[in-house]
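User: I would like to learn how to read sheets and helix packing in a model. Can you take me through one?

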Amino acid sequence: MSSPYRLAVVGTGGIAGLHAGQLRDHLQGRIELVAAVDPDAERLEAFKEQFGVERGYASIEELLANETLDLVDLCTPPVAHAPGAIAALEAGVGVVCEKPPALSLEEFDAVAAAASASTADFALISQHRFGSAAERVRSMMASGVLGRLAVAKCDTLWYRPEEYFAVEWRGRWETEGGGPTMGHGIHQIDTLLSLVGPWSEVVATAHRHRRITNTEDVSHAIVTLESGASVVITNSLLSPREVSQIRLDFDNATVELDHLYGYGDDDWSVYPIDDAAEEVNRAWAGEPRGKSSGHYAQFLRIADALDGKAAPPVTVEDARRTLELLAAIYASAFTGKRVRAGEIDPTSPFYQRMDGTGAPWPDRK
């Protein structure tokens with residue numbers, strides 16, 4: 001049996017604890033957590049004690065100078081994602097990065113360039129791609145049993161109270177990159193694109209209705225896919241009954257996902273038309289089954305990819321496709337124009353910043 005892959009967590013806040021717990025509970029012998037990084041010494045020591053980590057460092061530069069690693073797991077605030085990824089890739093260390101991968105397309109393209117020049121790979125955490133039900137839906141789509149997609153919706157209706165934004169870096173374009181479109185809806189939007197394929201154009205609005213932020217607290221978008229199907233997307237942090245939903249209306253069936261922060265097989269439903277019911281229900285009763293979405297599911301795939309010397313999922317190309325749609329949502333919302341895939345190039349202000357030349361409301365933070 002090969003030695004476990006050596007991983008260090010960078011940033012020891014709440015999401016790092018979730019990652020570390022799932023590595024401990026599900027991937028012992030495959031991935032070993034050997035070090036952690038946090039400039040807050042008290043928080044670092046608490047994390048080390050909780051998860052039995054021997055060594056800690058104040059910066060990623062100190063970590064890379066002192067450890068032999070296979071992976072760094074970037075769990076920092078978004079502003080540190082791109083610099084951390086570039087530092088690790090230049091050191092020949094693979095990167096697993098929490099969402100969003102960068103604050104802008106410009107930052108992300110710098111990460112992509114570092115990955116292209118590196119012996120290591122970049123992978124974005126997109127844990128909802130990897131549940132067995134999503135894999136089964138993709139298989140059913142590929143087989144043709146569902147027919148063609150016509151209409152879809154993708155909703156991230158969450159609630160974050162005012163005190164959530166008291167954290168200094170939240171609600172600021174310069175440190176978080178955006179509001180619920182960028183930091184929350186990205187989970188469902190990425191899962192959607194992994195199911196339905198590339199997008200071609202978007203018309204959107206964004207609003208700051210309630211929260212003391214510089215970013216939006218609600219956005220809406222109508223997206224046309226390359227296939228011709230249309231999707232309505234809503235991202236909100238003002239919704240007391242929280243839910244994450246994807247609905248896909250095919251010629252032969254409706255497929256629905258209704259969950260919050262992660263799903264199992266029972267969170268999906270399929271409603272076939274009468275003429276296709278037998279075939280659709282037979283396919284839906286097939287395999288794979290029994291695997292919930294979650295970080296451990298993606299880390300398992302990452303370990304398998306490293307075993308086979310392949311690029312881990314989700315790739316630079318996958319990550320950029322999702323990030324480009326987010327940039328296009330902001331660009332359409334703030335300019336009032338339809339935005340097509342590929343239009344946001346280095347000449348666009350929305351390439352450098354998600355808010356482009358500025359949001360249509362004054363800063364509150």
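User: Where does UniProt place the feature "domain: GFO/IDH/MocA-like oxidoreductase"?

Analyst: This is a predicted model. The UniProt record, an unreviewed entry, puts that domain at residues 136–251. Over residues 136–251 the chain is 24% helix and 41% strand. The end C-alpha atoms of that stretch are 18 Å apart.

User: How do I read a sheet? What is the order of the strands in the open sheet?

Analyst: Strands of a sheet pair through backbone hydrogen bonds, either parallel or antiparallel. Here 6 strands run in the order E3-E2-E1-E4-E5-E6, with parallel pairing. Strand E3 (55–57) and strand E6 (122–124) are the edges, each pairing on one side only. From one strand to the next, the twist averages 25 degrees.

User: How many bridges join strand E4 to strand E5?

Analyst: There are 4 bridges between E4 (residues 71–74) and E5 (residues 94–97). Leu71 stands opposite Gly94 in E5.

User: Which helix packs on the sheet?

Analyst: Helix H2 (residues 41–51) does, touching strands E1 (5–10), E2 (31–37) and E3. The direction of H2 makes about 160 degrees with that of E2.

User: And helix pairs? At what angle do the axes of H6 and H9 cross?

Analyst: Read distance and angle together. The axes of H6 (residues 132–143) and H9 (residues 185–196) come within 9 Å and cross at roughly 30 degrees. Angles under 35 degrees count as roughly parallel, so H6 is roughly parallel to H9.

User: Which residues meet there?

Analyst: Ala134, Val137, Arg138 and Met141 in H6 meet Ser194, Leu195 and Val196 in H9. By class, that contact has 5 nonpolar, 1 polar and 1 charged residues.

Notes: Residues numbered from 1 in each chain as written. Predicted model: local features only at pLDDT ≥ 70, side-chain atom pairs only at ≥ 80, totals over all residues. Heavy atoms only, no water. UniProt positions renumbered as here; feature names shortened; annotations may be inferred. Helix = DSSP H or I, 4+ residues; strand = E, 2+ residues; numbered from the N terminus. Axes fitted to C-alpha atoms, helices over the stretch in contact; angles between N-to-C directions. Parallel < 35°, antiparallel > 145°, perpendicular 65-115°, else oblique. Contact = heavy atoms within 4.5 Å. Nonpolar A, V, L, I, M, F, W, Y, C, P; charged D, E, K, R; others polar. Pairing = 2+ DSSP bridges.
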